[in-house]
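Visitor: I'd like a quick tour of this one. Could you take me through how it packs?

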Amino acid sequence: MPGMLVETIVIKYGLVAVFVAAMLEADVVPVLAGVAAHRGYFNPLLAIVATSGGAFAGDCIWFYVGSHKLIKNSKLLERIRTRAEALFQRVGHWQIPASHVIYGTRIATMTFLGARDSSVAKFSVVDGASCLALSTLLLSLGFALSASVSVILRDVKRVEVVLLVAVAVVGLILHLLHRLGRRAWQRTATSERPS
């Protein structure tokens with residue numbers, strides 16, 4: 001059902017939807033855009049422009065938020081500033097492309113770079129290039145693996161049920177083994193007591 005909803009939105013709003021979605025999620029959206037481009041909903045080159053532009057726009061928003069006085073003077077930033085600054089000194093601006101592939105670090109990285117008053121020009125060049133490179137790679141993967149992605153999305157429900165049953169069976173077995181082990185330990189402890 002969610003796949004049908006995404007497909008409906010992409011069909012109705014096209015590259016505008018891709019751009020906005022890439023602002024929020026720069027990892028999954030290019031893959032889905034590649035699948036949609038493979039199905040003929042829009043030109044793959046325009047999809048690359050939309051996904052990389054959306055990712056770059058989202059990063060710029062977080063960079064701007066970080067440059068606001070409220071964030072710069074926050075207690076949270078003061079607590080992490082030393083460690084974050086040490087990481088930046090070690091990694092430098094390579095932190096930007098890394099944040100695009102390490103889940104959960106993108107927003108924090110862009111906000112921190114804004115808060116530390118990083119050069120807007122340098123940020124724009126490095127982030128723009130990394131957004132373009134990653135979007136191109138992920139969109140190409142989505143385009144190339146379109147048939148596989150469709151099969152996977154159809155079979156997700158079945159896989160979820162199988163995994164749920166497997167987890168339940170393993171949990172039941174572990175519970176039974178724990179109970180049997182506890183009984184054996186109690187019997188051993190009881191038999192070792194002096195009469």
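Visitor: At what angle do helix H2 and helix H8 pack?
Guide: Keep in mind that we're looking at a predicted model. H2 covers residues 28–38 and H8 covers residues 120–144. Their axes lie 6 Å apart, and the packing angle is about 45 degrees.

Visitor: Which word describes how H2 is set to H8?
Guide: The angle between the two is about 45 degrees. Roughly parallel would need an angle under 35 degrees, and roughly perpendicular runs from 65 to 115. So H2 is, relative to H8, oblique.

Visitor: How many charged residues are in the contact of H2 with H8?
Guide: On the H2 side you'll find Pro30, Val31, Ala33, Gly34, Val35, Ala37 and His38. They meet Ser135, Leu138, Leu139, Gly142 and Phe143 of H8. Sorted by class, that gives eight nonpolar residues, four polar ones and, for charged, none: no charged residues.

Visitor: What share of the residues is buried?
Guide: The accessible surface comes to about 13100 Å², with 71% of it belonging to carbon and sulfur atoms. Buried here takes a relative accessible area under 20%. Of the 195 residues in the protein, the buried share is 28%.

Terms used:
Residues are numbered from 1 along each chain as its sequence is written. This is a predicted model: local features need pLDDT of at least 70, side-chain atom pairs count only at pLDDT 80 or more; totals for chains, interfaces and linings use all residues. Side-chain values use heavy atoms; hydrogens and water are left out. Axes are lines fitted to C-alpha atoms, for helices over the stretch in contact, and angles run from 0 to 180 degrees between N-to-C directions. Helices (H or I, at least four residues) and strands (E, at least two) are DSSP runs, numbered from the N terminus. Angles under 35 degrees count as roughly parallel, over 145 as roughly antiparallel, 65 to 115 as roughly perpendicular and the rest as oblique. Contact means heavy atoms within 4.5 Å. Ala, Val, Leu, Ile, Met, Phe, Trp, Tyr, Cys and Pro count as nonpolar, Asp, Glu, Lys and Arg as charged, and the others, Gly among them, as polar. Buried means under 20% relative accessible area, exposed over 50%, partly exposed in between (1.4 Å probe, protein chains only). Accessible areas come from the Shrake-Rupley method with a 1.4 Å probe; for residues, only the protein chains shown count as cover.
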